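Dear colleague,

Please find the sequence and structure below. My notes on them follow directly after.

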Amino acid sequence: MTSLMNVRCLLATAITSIFLVIPPALAETSSPSVNTVIIIDGDMLGRYNPITGHGRNGDSHIYQGLYRIETGVFNKQPALTPILASGPSVPSDNNRVWTVPLRSGVRFSDGTTFGPEDVVATFKALLDPRSASSEISAWDEVEKVEAEGSAVKFTLKEPLAEFGRRLLNSIAPSEAFDFANLGKAENSSLNDKPIGTGPYVLTELRPDQAIMSARADYWDSKPQVDKIIIRHTADENARAQQLRAGEGDGSMLAAELAQTFQAPEFEVISVPTADWRGLTLPAGDPVAGDDAVRLAVNLAVDRESMVKHVLKGHGVANSTFLASFYGDSYDPGQEFPYDPEQAKKILDNAGWVVGPDGVRARNGLRAAFDVIYFPNRDRARKDLSLAAASDLKKIGIELNLVAQDSKSVTAEVYARTPVMLGGGGIPYSIDGQIYHILHSKYAKPGVGAKWDNGSDYINPTVDRLLDEARVQQDSGKRVDLYRQIQQQYRLKPAMLQLAYLNHVYVKRQQGFTRDAAILEPHTHGVGFGPWYAIENWQRQ
Amino acid sequence: MEWGLAHGMRSKIGRGNSVGMLHERWRRRRHDILVMVARRFGFLIPLLVLVTIGVFALAAVSPYDPLDAYMDGRAGELSIAQQAKLVTELRLDTPWYLTWWEWISSLFRGELGISRSYYQPVAQVLRDRLPWTLLLGVTGLMISVVVSLLLGAIAGFRPQSLISRSIGVLTIILQATPPFVLALSALGLFALSLHWAPTGGLTYPGQPIGFASTVRHLLVPGLVLGVTQIPWLVLSLKDSIAEVLTSDAVRGARVRGIPYPMILRRHVLPTALPPFIALVGARLPELVVGSVLVETIFAWPGLGSALVRSAQSLDFPLLTFLTLAITMLVLIGNLLADVIYVVLDPRVDADA
């Protein structure tokens, strides 16, 4: 017995001593310097390559684009601020050719001078099939990019009235591309060793931590925040714990988690976005694709209540994709009201009769359909799908939710099954936001992308208006065309668009004044939210 | 007093005897064991090749779309023509056996390839992560073995006692607790409430990697990983001890008046240990694969999360290499356990 007792004693002593040793050692915890900001990122670190989409929307701290979105503007179209451009882009040849004058005196972090050759090289690499860029869909309309003196000239395959609003992407130095034997972007040295013109340079990259330091030779005024430490933690709850324990100064969190952080220590920032969530109603499904059903479901969901309860107020109800951030082009009068009685009437008139089980049917066809949502994305997709199912049950339409990984949903499945989609990847022009959702040229199988016109919606009037607006040079006439599109959509909707989400960030108060956030696209991350313009933060 | 003396004397003799016995047993069976090891290694190479073929073949029928993974979930934005262009450029349309052949021939040239999910050479992904995986895994293993030995022995030696029953209940609760709940609770307790440990990562933000800070960052994730492995081991040890305790040999020893503690140490434990060791060996790979959740919550940059990521992206160079590594771990873990088993237990033949 004694020997067993001894072992037990020894172990107890060992365990106690381990824990006794730790607390004093903790005294030297970091919080390195007052001008350091620690951001905890759920996305993995690295891959700092413009060719594979890093800084696609001007959200890089290392690279810069020709233009950047103006901060703090949410109730009209935000303007563009020239960054590497020296002034606005100039369209010619009926919006088919766009010329951008460039800033001089800018240097990359490797000391080389910025010039038109860098813009040309970056776009050449984006368009070159050998680099297998993931960004090709964004630049499909570009035919060629050439230097013209100190400016850059973009020639498009077909006219685009708002092409200038897309030039936000990161520019890399021409030295980074060897066009004689260009390799895939995934093998590029830029992934780990980025070279940009931006205010920060990557000084350390570990799997769990990246450090970006302010450049002493930055062309504009040197930032006051001299170090950004980005820590990678995939789990959202763990990120919240790290913030609470003081091992981070900010992160992006789900609304419920974010609300547990309070002033004055923390600031919760809810940023309006162009990131929509809506349900496709594909023509390939005899129920969901029926015009009466499409119209009725749009009247039967209580979007305001979804925003209030499902999104905890962090979002804006929306039914026609156009929204206040598109300024005068948005007609709030064309939003679908919440009117379940009207919805029932529409279904009654169309011959959808309530059956004994409370679900409507027409000619033996039950008004029921599956809805696919992606459980591996944001939680809002599932919660909004559940809310929609509950609202639609009340008018006699049954939704069966199916969780499926987005990677395993084929184009054929998209064509027959409603999907809870999210979108708004390039939202800074109305055309970029809605053309692909509504134009019937994408309704045919094999045309356009899998997500384009997810409902396979065909409306010749809307097609004509979209095509006219796309090339219309007069902005007043464009406004009118987009308002007409909403009127048409109100009569014959394509999808069950529900809301624009807010992205929610939590940030520790560190005594800096900061710029407002921008209207954010579908993507998010440490380059957005309060950190979008971290180079402008000022000590109070 | 008298008992103490006798016990001390006997235990000294006993220790000398048992070491001598093991040495003798090893000498006698060395040839058998070496043959067994050689045979297993001979078997290893074709098996590993088969495993690589399996990975490529299974991936071909997996529902995951490698293009969507490459596009970070945005493949839906691509038109059919653009998709076709990317598929050709990334060679995603190559039949799986050709992809496999290309991969294995470049492996024999010493090239591990590029990981598509990390945009880094596979060698670099391994260099960045393997040491941390091993560190965490070994820490977890040691904690689980030590704690399970102790709890299992206590519970097994006195099967009817309150403490034994408490251990039983505790292990069943642990077994039923999802690892992420355990990890988040440990994080809340040790990092937030007690401030004994940091919340995650390899270092405090912005600090370079150093010995002291690594130990501090390793402790809680190591503990959680160890604790998740405990229930199996404790229950198995408890059961095998209980089985030996009721055996005729033990009853005979007690009849002969050998002190009970000595019976436990000299007879029961050695007989009950081999199955325990075999189980530890069999659960070695669990420490790599089972660490995924611990890694995710404690921001520990290990290979567990890399395995999941590479599988979801059909990142063959990395996925296959990690699968190979885990297969080897399984085989070597089992082999090690078997060798120890053969040395410890005279009743077992080496690969009969």
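The model is a predicted one, in which local features need pLDDT of at least 70 and side-chain atom pairs count only at pLDDT 80 or more, while totals for chains, interfaces and linings use all residues. Residues are numbered from 1 along each chain as its sequence is written, chains are lettered from A and ligands numbered from 1 in the order in which they are written, and side-chain values use heavy atoms, with hydrogens and water left out.

The relative accessible area of A:Thr417 is 12%, so this residue is buried (under 20% relative accessible area; exposed is over 50%, partly exposed in between; 1.4 Å probe, protein chains only). Leaving aside residues up to four places away in sequence, A:Thr417 touches A:Thr280, A:Pro282, A:Asp370 and A:Ile372, contact meaning heavy atoms within 4.5 Å.

The strand β19(A) is covered on both faces, with A:Met420 and A:Gly422 buried on one side and A:Leu421 and A:Gly423 buried on the other. Its partner is strand β12 (residues 266–280) of chain A, paired in the antiparallel sense over four bridges; two strands pair if DSSP finds at least two bridges between them. Within this arrangement, A:Leu279 stands opposite A:Met420 in β19(A).

Turning to the interface, 66 residues from chain B and 67 residues from chain A take part in the contact. The two chains bury about 5,900 Å² between them, 61% of it on carbon and sulfur atoms (the accessible area, 1.4 Å probe, that two parts lose on being put together, summed over both). B:Tyr119, B:Trp196 and B:Pro205 supply 13% of the area that chain B buries against chain A, more than any other three residues.

One salt bridge is counted between chain B and chain A (a side-chain nitrogen of Lys or Arg within 4 Å of a carboxyl oxygen of Asp or Glu). B:Arg116 forms a salt bridge with A:Glu186, and their closest N and O atoms are 2.7 Å apart. Helix α5 (residues 122–157) of chain B gives seven residues to the side of chain B that touches chain A, the largest share.

As for chain B itself, it has 14 helices and two strands. Of its 352 residues, 45% are buried. Its C-alpha atoms fill a box of roughly 90 × 55 × 35 Å, taken along the principal axes.

With kind regards
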